[in-house]
Amino acid sequence: MEWLRVKIEYYSDNLDLSKEKIINVFSELGVHQLEFVDYFSENSLDFHKESMISSTWEITGYFPYNRFTNLKLKMISEKMEEISQSEEIIYNIYTSKCDENDWKDEWKKYFHTTKITDRIIIKPSWEEYEPESDEIVIKIDPGMAFGTGTHETTSLCIKMLEKYIENNENLLDIGCGSGILMIVGAKLGVKSVDGIDIDSNVKEVAEKNLLDNDVKNYNVIIGNLVEDTNEKYDIVVSNILADTLIELLTDIEKVLKSGAKVIFSGILRIRKDDILSKVEKYNLKKIDELEENDWISYVFEYK
């Protein structure tokens, strides 16, 4: 299959706000896994620290190359024009075709073995790593544009899971992507792990990663948020955009056991007040938070 790589280079007086708006442009068109290059913090989504840094910020997404491609490009152009009219922003849109093998090879250039915590190591399937006695090594093949687990939002989730996962029977990952958080949960002792995602490509990628990491008791569901599960969980984690997390709040209680922990990540610092003001309306008490660069993760307890 052919894919279209769409890269938006931009600079503005409010880079964080512009970043959130551009992320939403891709999200509205069904692209939720993106590559970031943030010049000032020198961080890039699932890209190694040694990757090339430019003088502008960049966000790149991938679309299937089909009869809808030109329409989506037109929509991106229109959305970016709207953003430019509401704030000071300079941007350029670049496109190029690539096939599946090109895409996979592109990931391999930048994804390297990474130590997330003192115990948890994430490595690509094509690299070798000899663990220390107490280390947990997670093998990940990101597949088609699913995250590797090295971006701040995912590493924050992993750190919170390591802190709060003790003695949990089951876990639900909402927006599970490559299955990385399900695997971490299982390796930390959760007896059964479920993941749900709206993207139909997730099932094959996540199940392969789960099997490669010897996870036995799992279930990958294709569905929207919590609409397609009737289970209740000890711990629920979701690493998705702030607007989707806010939408999730209206239904999340139906999947929570009493005392369940809820980990939210994927929240830019500029959206923290939006999240916390909405959470106050539900039976969720904030018990922890962790910040890394421009990103925040919260842990709530279901009262």
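Reader: Why are helix 7 and helix 8 called roughly parallel to each other?

Author: Helix 7 (residues 242–249) and helix 8 (residues 272–279) pack at an angle of about 0 degrees, their axes being 10 Å apart. Angles under 35 degrees count as roughly parallel, over 145 as roughly antiparallel, 65 to 115 as roughly perpendicular and the rest as oblique. Helix 7 and helix 8 are therefore roughly parallel. Axes are lines fitted to C-alpha atoms, for helices over the stretch in contact, and angles run from 0 to 180 degrees between N-to-C directions. The model is predicted: local features need pLDDT of at least 70, side-chain atom pairs count only at pLDDT 80 or more, and totals for chains, interfaces and linings use all residues. Residues are numbered from 1 along each chain as its sequence is written, and side-chain values use heavy atoms, with hydrogens and water left out.

Reader: Which residues of helix 7 and helix 8 meet?

Author: Ala 242, Leu 245, Ile 246 and Leu 249 of helix 7 meet Asp 274, Ile 275, Lys 278 and Val 279 of helix 8, where contact means heavy atoms within 4.5 Å. By class, this contact has six nonpolar, no polar and two charged residues.

Reader: What makes helix 1 and helix 2 roughly antiparallel?

Author: Helix 1 (residues 15–28) and helix 2 (residues 69–86) pack at about 155 degrees. That angle falls in the class of roughly antiparallel, so the two helices are described that way. The contact is made by Lys 21, Ile 22, Val 25 and Glu 28 of helix 1 with Ile 76, Lys 79, Met 80, Ile 83 and Ser 86 of helix 2.

Reader: Why is one side of strand 10 and of strand 13 left without a neighbour in the sheet?

Author: The open sheet has seven strands in the order 10-9-8-11-12-14-13, with mixed pairing. Strand 10 (218–222) and strand 13 (284–292) stand at the edges, each with a single partner strand, so one side of each has no neighbour in the sheet. Two strands pair if DSSP finds at least two bridges between them.

Reader: How many bridges join strand 11 to strand 12?

Author: Six bridges join strand 11 (residues 233–239) to strand 12 (residues 256–268), and the two run parallel.

Reader: Where does pLDDT stay under 50?

Author: It stays under 50 over residues 39–54; pLDDT is the predictor's confidence in each residue, from 0 to 100. Where pLDDT is low, the predicted coordinates should not be read in detail. The protein averages a pLDDT of 86, and 87% of the residues score at least 70.

Notes
Helix = DSSP H or I, 4+ residues; strand = E, 2+ residues; numbered from the N terminus. Nonpolar A, V, L, I, M, F, W, Y, C, P; charged D, E, K, R; others polar.
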